[in-house]
Amino acid sequence: MGALMKNSFFLNNKEDFDNSDIGVYCLDEDRRITYWNKKAEEITGYTADEMMGKYCFEGGLDHITEDDVHLCNTMCPMLGSMFDGEKREAEVRLLSKSQERIKVKVETDCLYDGDKTIGAIEFFRLID
């Protein structure tokens with residue numbers, strides 16, 4: 001978890017994230033997955049062991065829009081949050097471990113250590 005352990009927001013809420021009814025994952029500034037909660041495992045089928053340390057764009061999720069735009073090849077919500085510090089919301093379809101497209105609502109935000117960007121956090125939940 002490295003730099004993530006320096007972020008007070010994450011540290012103050014880690015227990016809640018661990019037990020959340022929505023998926024939560026974090027990236028470091030290089031876009032490596034540094035946190036993956038149980039609900040993320042349940043929604044996607046990928047375990048934390050399978051995801052931790054992978055770059056988000058190689059982890060298999062392959063977020064796409066309703067128009068089939070692959071967000072990993074453009075400015076995805078998490079990268080956007082890391083770039084400008086703004087919160088983002090989007091409805092996307094991710095690819096589960098079973099190769100099924102799952103529609104989720106994502107909310108992303110930047111993570112800091114003081115003034116330094118150390119990554120981003122994404123909250124995601126199933127939508128109909």
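The dialogue below takes up the cores and then the strand hairpins of this predicted model.

Q: How many residues does the largest nonpolar core have, and which have the most contacts inside it?

A: In soluble globular proteins, nonpolar side chains tend to be buried together. Here the largest such core has 22 residues, and Y25, L27, W36, L61, V104 and F124 have the most contacts inside it. At least two core residues come from each of β1 (23-28), β2 (33-36), α2 (38-44), α3 (48-51), α4 (77-84), β3 (88-95), β4 (101-113) and β5 (116-126). The largest share, 3 residues, is supplied by β4.

Q: Which residues is W36 in contact with, leaving aside its neighbours within four places in sequence?

A: W36 is in contact with V24, Y25, E41, T44, Y46, T47, A48, M51, M52 and L61.

Q: How many bridges join β3 to β4, and which residue stands opposite V92?

A: The strands β3 and β4 run antiparallel and are joined by 8 bridges. V92 faces V104 of β4 across this pairing. Their hairpin has 5 residues between the strands, and Q99 takes a positive phi near 70° there.

Q: What is the corresponding picture for β4 and β5?

A: These strands also run antiparallel, with 10 bridges between β4 and β5. K105 has R125 of β5 as its bridge partner. The hairpin of β4 and β5 has 2 residues between the strands, and G114 in the turn has a positive phi of about 65°.

Notes. Residues numbered from 1 in each chain as written. Predicted model: local features only at pLDDT ≥ 70, side-chain atom pairs only at ≥ 80, totals over all residues. Heavy atoms only, no water. Core = buried A, V, L, I, M, F, W, Y, C linked by side-chain atoms within 4.5 Å. Buried < 20%, exposed > 50% of the residue type's maximum accessible area, 1.4 Å probe, protein only. Helix = DSSP H or I, 4+ residues; strand = E, 2+ residues; numbered from the N terminus. Contact = heavy atoms within 4.5 Å. Pairing = 2+ DSSP bridges.
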